[in-house]
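Please open the model in your viewer and keep the sequence panel beside it. The stops below say what to select next and what is there.

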Number of protein chains: 2
Amino acid sequence: MIFSTININKDKPIYLQIKQHIIDGIKKGELKKDSKLPSTREVSKLLKISRNSVISAYEELESDGIIISKRGIGTFIAIENEAKCFPYNINYSSMTNDYSNNLKNLDIIKTELPNKKDFISFKSIAPESDLFNLDDFKRALLDAWTYENTNLLNYGYAKGYKPLIDYFLDYMIKKRVNIKNKDILITNGFTEAFDIIISSLTNKGDTIICEKPTHNTAIKIMKSYGLNVVQVDMDKDGLNLIELEKKLDKYNPKFGYLIPSYNNPTGIVTKSERRKGIYNLFKKFSVPIIEDGFNEELLYSSSPVEPIASLAGEGNGIIYIGSLSKILFPGLRIGWIFADEKLIDVLESVKRGKNIHSSFLDQSAFYYYLKNGSFSKYLKNVRKYYKDKYNLVVEMINKYIPYEYITGEGGLHIFVKLKNNINSRELLNLCYKDGVVFMPGDIFYEDNIDNNTFRIGFGRVNEKDIKNGIKIIGKNIKILSNKANVPKYKL
Amino acid sequence: MIFSTININKDKPIYLQIKQHIIDGIKKGELKKDSKLPSTREVSKLLKISRNSVISAYEELESDGIIISKRGIGTFIAIENEAKCFPYNINYSSMTNDYSNNLKNLDIIKTELPNKKDFISFKSIAPESDLFNLDDFKRALLDAWTYENTNLLNYGYAKGYKPLIDYFLDYMIKKRVNIKNKDILITNGFTEAFDIIISSLTNKGDTIICEKPTHNTAIKIMKSYGLNVVQVDMDKDGLNLIELEKKLDKYNPKFGYLIPSYNNPTGIVTKSERRKGIYNLFKKFSVPIIEDGFNEELLYSSSPVEPIASLAGEGNGIIYIGSLSKILFPGLRIGWIFADEKLIDVLESVKRGKNIHSSFLDQSAFYYYLKNGSFSKYLKNVRKYYKDKYNLVVEMINKYIPYEYITGEGGLHIFVKLKNNINSRELLNLCYKDGVVFMPGDIFYEDNIDNNTFRIGFGRVNEKDIKNGIKIIGKNIKILSNKANVPKYKL
């Protein structure tokens, strides 16, 4: 019987597997034209699957003209065996290059312990979906549709949706950045912006100077292109200027990559005076800075600080990457590169070569959302909400976690350096058994050398889980501390 | 006076330039706190710009707290000079690498004659926006919103929107392709799909075999990565098998890249028997094929042909790139890679490294559009519409253009090889003066060697313009023929 040879894979839609099996049977000659298929009831019983899956498969096969069901008689194969198959196999794993191997090996979604249902997860720094003002977004979406409709559906422009570009230019002016001889390229979020810059302007072996620790996705991208990542220590005010100068001098770097407004993972906000110091050092060595405006908008425990780009005047030394979508609709994937206009002209061609352009529907909806004032309204709400959560997290950490220091002036995450040389990976393994996960700190260091830090992302964790989760982490730290205190050899 | 030093750039929003100029004035110390600004009327008169632009600039500056207007008295600077600027300049054009230089130099949007308003343009092979069934799409968009809302706005998955992946898997089954041990990655259209494959699986100097001529974007991407592009001649049934075998043997290529269902630019549909021959040769040399399913759906002058992927059975030799959005909503940028599931797992990490994932809003709206049956309905309409246009184009070409041959069995374009060695670039220059443009054929050859061909894309050209445009091309061919026939030296 045809279904005695099928192996159902639980991860894929069952009705598709049934369909595929019948088509294969025809191709292999096992099912000739006019031969009768078992009834849906029989198949469902035999394979212990829902009858609806079998019915769906049969219905679609019938609408494709592959089988025919005759009322009261049964279901029959309607076509002849046509296409013969001549399989051959390629060993693709031997074909992957350094770039794809790096991206695979550094893909934390695959290498880190997976999140599970009902886990308390401090891994993500994504925003809380429940705070999205959905009615406002729907209105923006309908506005976009009303004003643009077909324009959104046919080819757009690689540079981006013009009204959104103009909006972001104005946004830069508001941040006191000089836009003369500058331009903007819209990208699929920060990640694409950074990938476009790095893939266009660096060569294997080039050095990039960045903060220590820094955004793991940036490290991943730099390493995927074979770059040399040099990290510079930070204190609570930002990069260490003495070390920065030494390394600028020693390594002759191609770029600096900085997250001054909300370092990921530490949450350190580089102070205004320090920004000037950093800027002047890069200027001294004529090294351009890629400034990541990460969550600039979210600062709530310190007064707003202007981006480093505001120091450049009409100079072109800073390439600024903006991305409102880190706190607002990450699913839409909208970011931008603000830089020298001749450079943007090149990057526009690169963007076109990579994927023609970003979704115009998203860009237009996003534009109307901003234009309608919904973003400012949203920010007001979320600042208060996240500040309360932040305070709770700090309170709980003070209560349960023995740390050397914690950093983070708000935002959606806090970085913890553990006392007593507690290993954060060992801690994670213990917590995982209790259903609690966080982001171990080593992924934010190019050499993965740091073993005693971790990041707590709390954007999507509710109060109760914050309390329980941090308690559990504390409990496991105790277990590890006790172990460490047991003398290794009994006297 | 502050505005005597401004140079208005007509290409950028004027109100933004006014804003920028005032902020610069403050930074430079030219505008001190409490100093009075000229009235909007004065500025508009002085700079010969619309007063509304000046009003917008002043309004925004006031809402940013930078200026203050006192009723009946005037407008004043409200803030102190704060951030000093220390410009430095980088020569980015010396930093671009081979990849970005190639993408810039091969960017036909920049290198080809620009289209102008009121031109008759046969350059594009994009579909006619007027045919988009907008009500159906709006319904799909609202369905997506209703069923998913917040899910679309927070982070999604690099592989894509699950219901859409399942839909495309089923779509492959309908094309008689075996999906066992295969999987799908959703991409930003064909371009990203091809870029992901090439950037992941090739190294500089590798050879790829493809049709002659072939899709210029594919040539651009292959060259941007420093690949060796080897083209194989076609006849009206597809690739020349003898030449293909020779070149497979000689070049030891990494991949074949084929557009069997609707070669771009020739519109040749590779016949069923020839597909088997091609497949068997690649199999013989164990070379995988990247099959571009370009406009498969649009075939209307021949019976449907199954993709080469349908010949592979459970083998993994074919990597299939699908993209319904070539004829349907190119603005949404949705395509997919169907391939060996272990390979898709690697490519998923690459996609995540390039831009995390494609827009979930687009993917979901597209899914509901397909699920609601709107795509089939749309296809029925457009086939008839494009077939009529196609017939008109062929009729006009037969009447006015002396060709050696024309190819294209429908679709949205036709390829013309001119008689008498008429140079298609010279022809384009003449036609340009008459307001008619088309795509010169040389861009579809890796060595740009072909000088006597061009592509006529007619998807978005109306009947009247088709008639006039082809007449004008014909007229200019006559001019060039006459020139060529004038003896070079008078006797």
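## A lysine in a loop

Begin by selecting Lys254(A), which sits in the loop between helix H11 (241-251) and strand S9 (255-258) of chain A; helices (H or I, at least four residues) and strands (E, at least two) are DSSP runs, numbered from the N terminus. The model is a predicted one, in which local features need pLDDT of at least 70 and side-chain atom pairs count only at pLDDT 80 or more, while totals for chains, interfaces and linings use all residues. Residues are numbered from 1 along each chain as its sequence is written, chains are lettered from A and ligands numbered from 1 in the order in which they are written, and side-chain values use heavy atoms, with hydrogens and water left out.

Now show the surroundings of Lys254(A): leaving out residues up to four places away in sequence, Lys254(A) touches Leu201(A), Thr202(A), Asn203(A), Asp206(A), Thr207(A), Val287(A), Pro288(A) and, from chain B, Met95(B), where contact means heavy atoms within 4.5 Å. A polar atom of the Lys254(A) side chain lies 3.1 Å from the backbone oxygen of Leu201(A).

## A serine of chain B

Next select Ser100(B), which is found in helix H4 (residues 98-105) of chain B. Is Ser100(B) buried or exposed? Because its relative accessibility is 0%, Ser100(B) counts as buried, the cut-offs being under 20% relative accessible area for buried, over 50% for exposed and partly exposed in between (1.4 Å probe, protein chains only). Beyond its neighbours within four places in sequence, Ser100(B) is in contact with Ser200(A), Val346(A) and Val350(A), and a polar atom of its side chain lies 2.7 Å from the backbone oxygen of Ser200(A).

## Two helices, one from each chain

Then select helix H8 (residues 162-174) of chain A together with helix H1 (residues 14-28) of chain B, which pack at an angle of about 10 degrees with their axes 10 Å apart; the axes are lines fitted to C-alpha atoms, for helices over the stretch in contact, and angles run from 0 to 180 degrees between N-to-C directions. H8(A) and H1(B) are therefore roughly parallel to each other, a term for angles under 35 degrees. Among the residues that meet here are Asp166(A) and Leu169(A) in H8(A) and Lys19(B) and Ile23(B) in H1(B).

## The whole of chain A

Finally, zoom out to chain A, which has 17 helices and 17 strands and whose C-alpha atoms fill a box of roughly 85 × 75 × 50 Å, taken along the principal axes.

Methods: A polar contact is a pair of N or O atoms within 3.5 Å; within protein, one must be able to donate a hydrogen and the other to accept it, and residues adjacent in sequence count only if both atoms are side-chain atoms. Angles under 35 degrees count as roughly parallel, over 145 as roughly antiparallel, 65 to 115 as roughly perpendicular and the rest as oblique.
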